[in-house]
Amino acid sequence: MKPIEVTIEKVDKPETPQLSNDMTPKEIVNYLNKHIVGQSDAKRAIAIAMRNRWRRMQLESPLKDEVMPKNILMIGPTGVGKTEVARRLAKLAGAPFVKVEATKYTEVGFHGKDVDTMIKDLVDVAITLQRNKMKESVKAEVSAAVENRILDILAGDAAQTSTRESFRTLLREGALDERTIEVELPVSNGPKVPQQDGKGGIQFGDFLLKMDNMMGNKTQTKKMRISECRPILEDMEADRLISSDTVEREAIKNTEENGIVFIDEIDKIIDVHSYGADASAEGVQRDLLPLIEGSTISTKYGNIKTDHILFVCSGAFHSAKPSDLLAELQGRLPIRVELKPLTEEDMYLILTVPEANLVKQQMALLGTEKVKLTFTDDSIREVARVAFEVNSTIENIGARRLHTVIERIMDEVSFTADEHASKDFVIDDAYVRERVSPLLTKSDLSKYVL
């Protein structure tokens, strides 16, 4: 019962590797192998599809315009990695990516979402990606401008150079973060609603500048801590330097050339027993045809051509077959990949192989409370066994079952973490059985939320 050795490296600013021009399908698959267990056929198919995009960009027109993406149909049960394969590759390539559920859409003319909205959502993602990319390119210039603006407030225009530089040193060291200063901000009649910046942070700049323009450049003085006003000033300065027209133009180009739309539950819009009009089945399939084949969609940023957007569709196909899709739609999904159900050994590998596996996550989380958490190899195998058994007995939700099993195991130590600070806490197979396995002896497992 030797504890699993997991090294948690502290990285200040983790960088996502970008898909480079010389990255071969083998190299792409090797990257995916670091995050996803098994499903080699799916990884291979989507890696080739991405490489073909690069190959197409090397061609000259008009041949370049004639090469269409090889759209993919992934077939397999839930929780085996269909979405993760596409999502990881989109992240690697820095490509606009949206995941949608086919069941959320209705045929044109019925109440509900039209399929065109998935392209509009894709453009929104591309706008955020492009804006963040351009903000990164002017980061140094923005940082310097904001620093000087804060120094102007702290030291005043008439301050000696030595005084100003002393403030600069303190500011860079963070010693002045809690200092309250008065800053000029645009006036708004309504509440300042912060916006997501695509990285989980808050983006004030666009909103504030728009309100600034609407109010005729009126401003008001507000007292704020430097730590609070700095990100607002940085967003405002970045948006001043970045051209909205350039952002939109580049985002549209990125969408058309590199966009990826992942349509899940495509099998749910097949109704082999349907009679008459069905707003959620054949009509939606027919609406998807021109989108996947190539058409022009009007968005608030301009027209988007879908000819070279990569569509990846997936479904479990329990009660229907891929051949039950409209023949025309089948023809637009030429690459078929079947993903295999996860075995008990796959469950174990998912807990140990990926760079950010669940075991490592739990160790890092408890480490923030100074708890030295370790899992024995036997305990991880027991978690895999329990997850596999519950999937086999109740409902197979694939790797997602591992999350619920792990959370049940971690419940007690997470709740009492303060009592274990600066101590070792070893989770072995006996502890796993104590926390979870008794549930497996019950006659009706469906009563238990695992």
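**Views of a predicted chain**

**Figure 1. The whole chain, with its secondary structure and surface.** The chain folds into 17 helices and 13 strands (DSSP runs, H or I of at least four residues for helices and E of at least two for strands, numbered from the N terminus). This is a predicted model, in which local features need pLDDT of at least 70 and side-chain atom pairs count only at pLDDT 80 or more, while totals for chains, interfaces and linings use all residues. Residues are numbered from 1 along each chain as its sequence is written, and side-chain values use heavy atoms, with hydrogens and water left out. Of the 450 residues, 45% are buried (under 20% relative accessible area, with a 1.4 Å probe and protein chains only).

**Figure 2. Helix 14 against helix 16.** Here residues 358-367 pack on residues 400-415 at an angle of about 25°, with axes 11 Å apart (axes are lines fitted to C-alpha atoms over the stretch in contact, with angles from 0 to 180 degrees between N-to-C directions). The two helices are therefore roughly parallel (angles under 35 degrees).

**Figure 3. A look at G174.** Take the loop between helix 7 (161-173) and strand 3 (180-186), and you will find G174. G174 has 29% relative accessibility and so counts as partly exposed (between the buried limit of 20% and the exposed limit of 50%). S227 lies 53 residues from G174 in sequence, yet their C-alpha atoms are 8.7 Å apart.

Terms used. Parallel < 35°, antiparallel > 145°, perpendicular 65-115°, else oblique.
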